[in-house]
2 protein chains.
Amino acid sequence: MATPVNKTAHSFDKTRLETLLNRRFFYAPAFEIYGGVAGLYDYGPPGSSLQSNIIAEWRKHFIVEEGMLELDTTVMTPAPVFETSGHVARFADWMVKDLKTGEVLRADHLVKNVLEARLAGDKEARGLAAQPQKEDDKKKKRKDKSKPTAVQLPDEVVAEYENILAQLDNFSGPELGELCTKHKITNPDTDNEVSEPQQFNLMFASSIGPTGQHPGFLRPETAQGHFLNFSRLLDFNNGRVPFASAQIGRSFRNEISPRAGLLRVREFTMAEIEHYVDPADKNHERFAEVRNVVLDLLDRHTQAAGSTRVRPLSVGEAVDQGIIANETLGYFLARIYLFLVKIGINPRRLRFRQHMGNEMAHYATDCWDAEIENSTGWTECVGCADRAAYDLTVHSNKTGHPLVVRQALKEPVVTEKETAEFNKKVLGRTFGKDAGTIQTIVNDMDEAALLRLKGELAQGTATITSSDGREFTLAPDLLTIERKTFKQSIREFTPNVIEPSFGLGRILYTLLEHSFWSREEDVERGVLSLPAVVAPTKVLIVPLSAKEEFNPLIREVSSKLRQAGVFSRVDDSNTSIGRRYARNDELGTPYGLTIDFASIQNRTVTLRERDTTGQLIGSIEEVIATVTELVDGSIDWAEACRRLPAYDGTQAV
Amino acid sequence: MATPVNKTAHSFDKTRLETLLNRRFFYAPAFEIYGGVAGLYDYGPPGSSLQSNIIAEWRKHFIVEEGMLELDTTVMTPAPVFETSGHVARFADWMVKDLKTGEVLRADHLVKNVLEARLAGDKEARGLAAQPQKEDDKKKKRKDKSKPTAVQLPDEVVAEYENILAQLDNFSGPELGELCTKHKITNPDTDNEVSEPQQFNLMFASSIGPTGQHPGFLRPETAQGHFLNFSRLLDFNNGRVPFASAQIGRSFRNEISPRAGLLRVREFTMAEIEHYVDPADKNHERFAEVRNVVLDLLDRHTQAAGSTRVRPLSVGEAVDQGIIANETLGYFLARIYLFLVKIGINPRRLRFRQHMGNEMAHYATDCWDAEIENSTGWTECVGCADRAAYDLTVHSNKTGHPLVVRQALKEPVVTEKETAEFNKKVLGRTFGKDAGTIQTIVNDMDEAALLRLKGELAQGTATITSSDGREFTLAPDLLTIERKTFKQSIREFTPNVIEPSFGLGRILYTLLEHSFWSREEDVERGVLSLPAVVAPTKVLIVPLSAKEEFNPLIREVSSKLRQAGVFSRVDDSNTSIGRRYARNDELGTPYGLTIDFASIQNRTVTLRERDTTGQLIGSIEEVIATVTELVDGSIDWAEACRRLPAYDGTQAV
């Protein structure tokens, strides 16, 4: 137990991790026995538990802590909603087709993969390809045409490729097409040329009801369900802003050619917050609590300059310097950081990247992504967008249902302005059916135009012109223009929306990568060092054997742990204790309780910690009390070692 | 506080409940500002919390208590899966069209509504329509043509209608069409005739991927996701049965014309258990624990006899008498009962009804529904089906992937049988390309046929016939038939599946009906008596006013409750304490803590109970300790009244 744990004795081995996750059924391709479908995955028992523990912690960290209003809205959505929100027209990716095979590829991914492969080939040719490769990898490489053999590129081409890659997300579809032509980018699997990029809408379409008259889409985000209920939510919050709604639920995106495991899927669980705030005041009441949290920031100017170097900065400074636009956005970035670190994400592999202009979703005015580094590079796991008043405004305009906040002003605002009043009788008699047109022209005039008209009428007649070019001459008996006083005691505004949006599958997968290592003495013995707060099972109960005499104690310990709110499982399978512990190291189970003959005689059990494999011994009551505190985080393993004697393998015999 | 609560002073008023649920945003029609879509509802904050509390309790009662394996599988499903499962061909309802307007109606609902209305009209004509109607109802009635004015029917017609209604679920589509013709059933809204019933598949269709080549469906149940992962689950369970998988998730059914609020929707959350059991042993290890639970049973024989009279019977007796087919089915029916009662369903309005032959889903061999009575009648809320080996067998046959359990036999089974062995050289030389046909014919022979053939060959040649009628004459040098011994040490079988399947929205809605009442002194003061375990908010903190001096105490009490795991909300809105409590009675909040000036001076707070409106007083610490025990169910209000003095309205001033 005194031996310090060396988690980096072996370098990260993705194949080993994937084998483990598959064998222990964290997740697996859905419909596998039917050959599977790209981008659809099922979570097995440990994956489901890990996911629901992450969700439970998310609920506590965000919803409960901040009194957010939780929602559960439908996935199936009638088409008019997404026509208004802009998703039907613009929620699309650019795809290209292989001109001979018809295979469909995502245009930006194609450019990225081919240029990265050429840069790797260049490095190899320059003798810079450092990592030795295993036989396996080499075999794969020969088949994979996206990795050409070592070819050195001119220095200026290398610079150009690096510049393209640094701002890849900023290119439009036609620009991606030009890049393919200019740099002779072909389908790496076939070497065939590809078509011009075309847009492909990412929403799954369906039809509601038996007559086929109501087209619908599966939501690609939960957000619209929040916005459409805004009036009810505001009412529930007694008419006050700021407040937030939150929703955890399934969303769907018909990705063009998903290939990256849980990182790019067609069906996924999201957790989204919509925080409604007065556009004139985006300060946050609790900003002081997070002011000193330091984040690695990558702003849009740095990226536009072709660099990806992050800058560590406290949230307070970033807001003060205008790098993060306002306190509310800064507050949520810090809270996102704290959440991710709490569930086990390595803070040194977490950065916040600002979107560039063309990259931004059609509804956003500013956006920062929490990106987590993993074996495929940096992956967007949480988006934090300022959607401004976009959504509430478009839905309100479309439906005529006002989605606004009405605030009583402490001091009524008094304004004066020129106001026209018509003598409708005379107007109608003089102009007949053009009377309405004339009223519209005058009512649409600004202060200056009204004053001019007033002046002209004071001196006789005035001529006005309609939008279709017709002229009307007005006499003073038709209308009077006077300065009037208006008192406004209510302020009405459309709130702005700050949206932190979490992709739970991506977080779950990167967390598994960050948690995985192998024991120094044996690379085959993989461990998932998941924090207890999210670990699928907290305690494994391991009887020495499946003999019936252990059953009463197993039942007692299980039931006491359940009462203490600690989720445990029993493993009485017919294999050695060491093998059972190794299996549970792979499942990320942080603690183990061994029940043996000494337990029956002396009521002692041993307590094992996953990462150190250290073992302590104590009475059933002492050990359950200790493990309960370990699991809820009120003590750590060092403290447990001070409380209970180490088990040297002899006491229990 | 001494006054007993009279919850039935006012009869149940559905309109009042619906108004409350809408105003307090338990749920609302989805896309309401777009005019809504039938059968789609959004849950607001109290509805979402109520739902997630029901789910949490379900997880504890079933998954944790029984160590079930939780899954989270995808909604989007490729078409071949549902072709194999039979859903593409058979998961359909019968619909009819109004021959003039084209309106689409569900055939069985049409028959039910029209016949029930005629029976009601008959009762009225016979002077038996007991309940006086309010003006409102009468107005509605005049518009609603499904309720004809009082017309007396002949006694034999009444008997016929009642008989039809008692077994309505048992009719096929053509039979429903015959009923419409025979009884002159027309669309009650228009009096127009309706078409012959046609099948309408209830699955929502979509297409996976950019090329449109992969048709898919949204799952109508979560079950297939369990079955397709059976091998992985069995492996995770170390190869042993019985065990169960469980999943909570969204499913979709494109209902023909949903009209009944949350009771019939197009998108809903289900909780499903698939319990895998040895078909040769459907006993249950824990059956003794539920043997004495008494259920109101309505078996299929009673229904076939035209009656709906339930029979209260203990689960043990019902299994002993063969009414419930086996212990495992009985065990789950009892566990379902215990769960429903625990979350607040009235046990006197809960019955278990067995499906009749034609009513059963295509995959089921036996099925019992937990039906809960509500204002629309008896509603299926939980189905408990014995799906036998249906699903595992069809998927296994289709994919060639064995979905079976392999059990090592303690004693190998030794069998002897006649076995044919061919001399392939001679066979090929004699019969050429027919050699294979001949082998197939012989290998397909049963023991008796082989013995006959053996006898014939012993005496010379024998003639055999192929399925297409060709004759072959065999000589003894072609094959030998001998008695051989076989030893089998592994037993292989397809497990049977018992499936308890919960519709959470239906349970949630009927629970709201069962919980609703109005105070005797004022019918306008509605209360939802939800048990604390599922109540959206457990404790409301009510400061006397929004004055800042109360803030430190509010923060202290909130934070102490959060630490104790009790979910609370603060209501500091600018309205009287009584009004705030009335609002929270409508939200089902069981307890309230009032913070007033005495709290600041003496650190006392009052504790209010929702149903009795009784109030106690104590120190902050005492009250928090008491309310924590009340919420977790370890004490009741009577015990709290023994611990803390009643508040008479003066102590705190």
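Okay, let's start at a proline: Pro242(B) sits in the loop of chain B between helix 10 (230–236) and strand 10 (243–252). Helices here are DSSP runs of H or I with at least four residues, strands are runs of E with at least two, and both are numbered from the N terminus. The peptide bond leading from Val241(B) into Pro242(B) is cis, with omega near -5°.

Before I go on, the ground rules. This is a predicted model, where local features need pLDDT of at least 70 and side-chain atom pairs count only at pLDDT 80 or more, while totals for chains, interfaces and linings use all residues. Residues are numbered from 1 along each chain as its sequence is written, chains are lettered from A and ligands numbered from 1 in the order in which they are written, and side-chain values use heavy atoms, with hydrogens and water left out.

Now, what about chain A? The bond from Val241(A) to Pro242(A) is cis too, with omega near -5°, and Pro242(A) is in the loop between helix 10 (230–236) and strand 10 (243–252) of that chain. Lys184(A) is another one to look at: its phi is near 50°, positive in a residue that isn't glycine. You'll find Lys184(A) in the loop between helix 8 (173–182) and strand 7 (198–201). As background, most residues other than glycine have a negative phi, and most peptide bonds are trans.

How do the two chains relate?

Over to helix 2 of chain B, residues 45–66. Its 22 residues should span 32 Å at 1.5 Å a residue, and the end C-alpha atoms are 31 Å apart, which agrees; the expected span is 1.5 Å times one less than the number of residues. The helix does have a kink of about 30°, centred on Arg59(B), where the bend is the angle between axes fitted to the seven residues ending there and the seven starting there. Just after the helix, Gly67(B) takes a positive phi of about 55°.

Last stop: Thr419(B), in strand 17 (residues 405–422) of chain B. Leaving out residues up to four places away in sequence, Thr419(B) touches Thr480(B), Ile481(B), Glu482(B), Lys484(B) and Phe486(B).

Definitions and conventions:
Contact means heavy atoms within 4.5 Å.
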